[in-house]
Amino acid sequence: MEKTPVLVLAPLPDFLMEPLRAAHVCHDYFHAEDKDALLANVGAHIRGIVMAGHSMSPVALLEKLPKLEIISVFGVGYDGVPVDWCRAHGIRVTNTPDVLTEDVADTASALVLMTSRRLISANRYLHAGSWTQGPFPLAHALRGKLAGIVGLGRIGKAIAQRLEAHGMRVAYHGRARQEVSWEYFESLIELAKTADFLIVACPGGAGTKHLINAQVLEALGAKGTLINIARGSVVDEMALIAALQSGTIRGAGLDVFENEPLVPQALMQCENAVLLPHLSSGTHETRRAMAGLVVGNLAAYFDGKTLLTPVC
Ligand code: NAP
């Protein structure tokens with residue numbers, strides 16, 4: 001059978017590229033030095049796009065691919081895809097939900113532990129040989145504290161379950177109340193005022209851009225820590241840096257940033273921030289399961305079968 005031409009918009013692991021190359025002619029847009037020349041050469045034939053959760057497929061690019069039929073995202077977040085435009089143009093979009101939920105929730109609860117107990121600073125303290133000069137300062141307990149989850153979806157719920165196991169109370173904010181026992185806050189500001197940890201687990205994109213702004217951080221206050229495993233765009237990073245520097249909030253645990261992989265120097269210098277390089281789903285097991293969904297969705301589509309995980 002003839003291989004279908006697809007455009008690859010992100011650097012992807014070998015265990016994904018190998019099966020992709022077996023079934024498709026893969027054109028590497030991400031690494032192409034002359035992207036316009038590549039599009040001029042193959043754009044008219046491209047039938048599929050493969051991209052990562054954090055990469056972008058703007059309308060201006062999609063318009064240059066007249067035969068495009070499907071976009072397969074290697075990630076659950078598809079905020080880089082103009083989904084309404086795709087729907088209107090009959091282009092299918094798929095992602096990789098569920099298989100990454102547990103790893104991302106593990107990372108979020110690890111960030112809660114690392115920030116509350118200051119485990120990274122304690123590790124540095126010992127490595128620096130400081131223990132002989134005295135004990136590491138006391139930290140803060142989790143039990144009884146309130147975790148306020150912003151976006152109680154698959155990952156938000158998995159985070160809530162883990163934090164309850166640490167003895168924490170859970171409340172949430174979202175666009176609508178859900179059939180769950182955790183307390184619902186219609187107002188994000190009110191949740192921030194009450195929460196000890198504000199944990200961001202909603203999608204990125206225009207609808208949530210800078211949802212966590214200076215007012216929310218002010219409400220979270222000096223008792224509060226911000227955790228973000230969602231998307232960098234959800235948090236106003238400049239407002240966050242100011243809040244960390246001034247002590248407006250106690251700390252932050254971040255896996256995602258506004259301009260990844262660039263992280264502002266001022267944020268890197270904040271001792272009260274634990275910063276991870278977008279690794280929440282970064283395990284062998286999960287990334288392979290995600291790769292299986294990317295390949296499986298493309299195969300299902302081009303074989304005329306039902307998509308495994310359709311967005312639209
Ligand atoms: P999901 O099941 O769709 O959950 C998203 C939740 O956010 C839903 O409950 C949704 O509820 C809520 N939400 C949507 N808009 C909101 C808003 N404006 N304010 C508050 N809540 C809002 O998705 P998921 O699988 O849990 O994934 C969540 C996000 O995590 C993804 O979109 C992705 O960006 C991020 N993620 C990051 C990593 C990483 O490596 N750091 C890995 C995986 C996922 P309603 O629609 O009812 O409002």
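In which helix is the place of Thr-101? Thr-101 belongs to helix α5, which covers residues 101–117. Helices (H or I, at least four residues) and strands (E, at least two) are DSSP runs, numbered from the N terminus.

The model is predicted: local features need pLDDT of at least 70, side-chain atom pairs count only at pLDDT 80 or more, and totals for chains, interfaces and linings use all residues. Residues are numbered from 1 along each chain as its sequence is written, and side-chain values use heavy atoms, with hydrogens and water left out.

The term buried means under 20% relative accessible area, exposed means over 50%, and partly exposed lies in between (1.4 Å probe, protein chains only). Not counting residues up to four places away in sequence, Thr-101 touches Arg-154, Ile-155 and Ala-158; contact means heavy atoms within 4.5 Å.

Ser-121 is part of helix α6 (residues 119–127). Its relative accessibility is 14%, so Ser-121 is buried. When neighbours within four places in sequence are left aside, Ser-121 is in contact with Phe-136 and Glu-271.

**Helix α10**

Helix α10 spans residues 237–246, and its buried residues are Glu-237, Ala-239, Leu-240, Ile-241, Ala-243 and Leu-244. At the start of α10, the backbone nitrogen of Met-238 has a side-chain oxygen of Asp-236 within 3.3 Å. After α10 comes Gly-247, with a positive phi near 80°.

**Salt bridges**

A salt bridge is a side-chain nitrogen of Lys or Arg within 4 Å of a carboxyl oxygen of Asp or Glu. By this rule the count is eight salt bridges. Three of them are listed here.

| Pair | N to O distance |
|---|---|
| Arg-231 and Asp-79 | 3.0 Å |
| Arg-87 and Asp-84 | 3.2 Å |
| Arg-124 and Glu-271 | 3.5 Å |

The side chains of Arg-231 and Asp-79 meet in a salt bridge. This pair links distant parts of the chain, 152 residues apart: Arg-231 is in the loop between β10 and α10, and Asp-79 is in the loop between β4 (70–74) and α4 (83–88). Arg-231 is buried because its relative accessibility is 13%, whereas Asp-79, with a relative accessible area of 29%, is partly exposed.

Arg-87 and Asp-84 both lie in helix α4, three residues apart, about one turn of the helix. An α-helix has 3.6 residues a turn, so residues three or four places apart point the same way. Arg-87 counts as partly exposed at 48% relative accessibility, and Asp-84 is exposed, with a relative accessible area of 60%.

Glu-271, a contact of Ser-121, also forms a salt bridge with Arg-124. This pair, too, links distant parts of the chain: Arg-124 is in helix α6 and Glu-271 in the loop between α11 and β12, 147 residues apart. The relative accessible area of Arg-124 is 45%, so Arg-124 is partly exposed; Glu-271, at 61% relative accessibility, counts as exposed.

Conventions. A polar contact is a pair of N or O atoms within 3.5 Å; within protein, one must be able to donate a hydrogen and the other to accept it, and residues adjacent in sequence count only if both atoms are side-chain atoms.
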